[in-house]
Amino acid sequence: MGKLVLYGVEASPPVRACKMTLHALGLQYEYKLVNILAGDQLNKEYTLKNPQHTVPMLEDDGKCIWDSHAIMAYLVRKYGKEDSLYPKDYYKRAVVDQRLHFESGVVFQGCIRNIAAPIFYRNGTEVPRYMIDGIFDMYDFLEAFLGNQDYLCGSTLTLADFSCISSVASLLGLAPIESKRYPKLSAWIARMEQLPDYQSNNGNGAQMLIDLFTAKIKKIV
Ligand SMILES: N[C@@H](CCC(=O)N[C@@H](CS)C(=O)NCC(=O)O)C(=O)O
């Protein structure tokens, strides 16, 4: 087995999704801090490896992969002893892929990065109300995806759960989830919080991002 290095920072949801995956697979890895608020990701050494200069990035024996969704799928394919986190069955995998793409485009990009970028990179202090409304629209979708299942793709945990909880747990300050309105989503969050080492892999970092939002956002307009 090659040497695995994960580049990231705790507050980043996609970094935490990768940490949960590495932990679930029982993989040892080196963690290299990239302080994105200080611009560490823009240095030449990092952009030569990842021209998109995002975290997370995984280095496996010198080969680089970025985008959390690509990293997580790679880790299960290459190192998983079984395929339950990312099933080989074509239909089951398609369902996981749908939720992963949903996380990538709607949850992370639509509800986190589009709010965070003006605030963290351009010193903004306000968030338009429609963006907060968009978070609740996204929660409505997750509530529907869950149906009567314990996890997002059925009765067992998959990469979709790691991916979505990393972002959803980071939004609980901006858009709190009431169990009356979202019974299935709140039960799913509570279930995810029971995972071994949940706090160190996701909970603490999610709270860091919540605190950063709270410190920077002065007004919803
Ligand atoms: N879809 C990507 C999103 C990656 C992303 O936007 N990461 C943010 C931190 S949460 C980042 O690296 N920002 C710094 C930059 O873009 O320069 C993934 O899942 O990995």
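Okay, quick one before we start: when I say contact today, I mean heavy atoms within 4.5 Å. And keep in mind that what's on screen is a predicted model.

With that in hand, let's go to α1 and α6. On the α1 side, the residues that meet the other helix are Pro13, Pro14, Arg16, Ala17, Met20, Thr21 and Ala24. Coming from α6, you've got Leu159, Phe162, Ser163, Ile165, Ser166 and Ser167. Sort that α1–α6 contact by class and you get 8 nonpolar residues, 4 polar and 1 charged. For the geometry, α6 is residues 159-168, and its axis comes within 8 Å of the α1 axis, with the two crossing at roughly 145°. The hand of that α1–α6 crossing is right-handed.

Who's involved? From α1 it's Pro14, Ala17, Cys18, Thr21 and Leu22, and they meet Ser68, Ile71, Met72, Leu75 and Val76 of α3. This α1–α3 contact splits into 8 nonpolar and 2 polar residues, with no charged ones.

We have 4 strands in an open sheet, the order is β2-β1-β3-β4, and the pairing is mixed. Out at the edges are β2, residues 30-33, and β4, residues 63-66, each pairing on one side only. From one strand to the next, the twist averages 20°. Which helix packs on β1 and β2? That's α1, residues 13-24, and its direction makes about 155° with that of β1. Then α3, residues 68-79, lies across β1, β3 and β4, running at about 30° to β3. As for β3 itself, residues 57-60, it runs antiparallel to β4, with 4 bridges joining them. One detail there: Glu59 has Cys64 in β4 as its bridge partner.

Aromatics next. There are 7 aromatic pairs in the structure. One of them is Tyr7 with Tyr46, edge-to-face, 5.8 Å centre to centre and 65° between the planes. Tyr7 is in β1 and Tyr46 is in α2, residues 44-49, so that pair links parts of the chain 39 residues apart.

Last stop, α4 and α5. That's residues 90-121 against residues 129-146, at an angle of about 160° with the axes 10 Å apart. Over 145° counts as roughly antiparallel, so that's what α4 and α5 are to each other. Their crossing is left-handed. The α4 side of the contact includes Phe102, Val106 and Ile115, while the α5 side includes Met138, Phe141 and Phe145. By class, it's 11 nonpolar, 3 polar and 1 charged.

That's my tour, happy to take questions.

Note on methods:
Residues are numbered from 1 along each chain as its sequence is written. This is a predicted model: local features need pLDDT of at least 70, side-chain atom pairs count only at pLDDT 80 or more; totals for chains, interfaces and linings use all residues. Side-chain values use heavy atoms; hydrogens and water are left out. Axes are lines fitted to C-alpha atoms, for helices over the stretch in contact, and angles run from 0 to 180 degrees between N-to-C directions. Angles under 35 degrees count as roughly parallel, over 145 as roughly antiparallel, 65 to 115 as roughly perpendicular and the rest as oblique. A crossing is left-handed if the near helix is turned anticlockwise from the far one by less than a right angle, and right-handed if clockwise. Ala, Val, Leu, Ile, Met, Phe, Trp, Tyr, Cys and Pro count as nonpolar, Asp, Glu, Lys and Arg as charged, and the others, Gly among them, as polar. Two strands pair if DSSP finds at least two bridges between them. Rings of Phe, Tyr and Trp (its six-membered ring) pair if their centres lie within 6.5 Å; planes under 30 degrees apart count as stacked, over 60 as edge-to-face and the rest as tilted.
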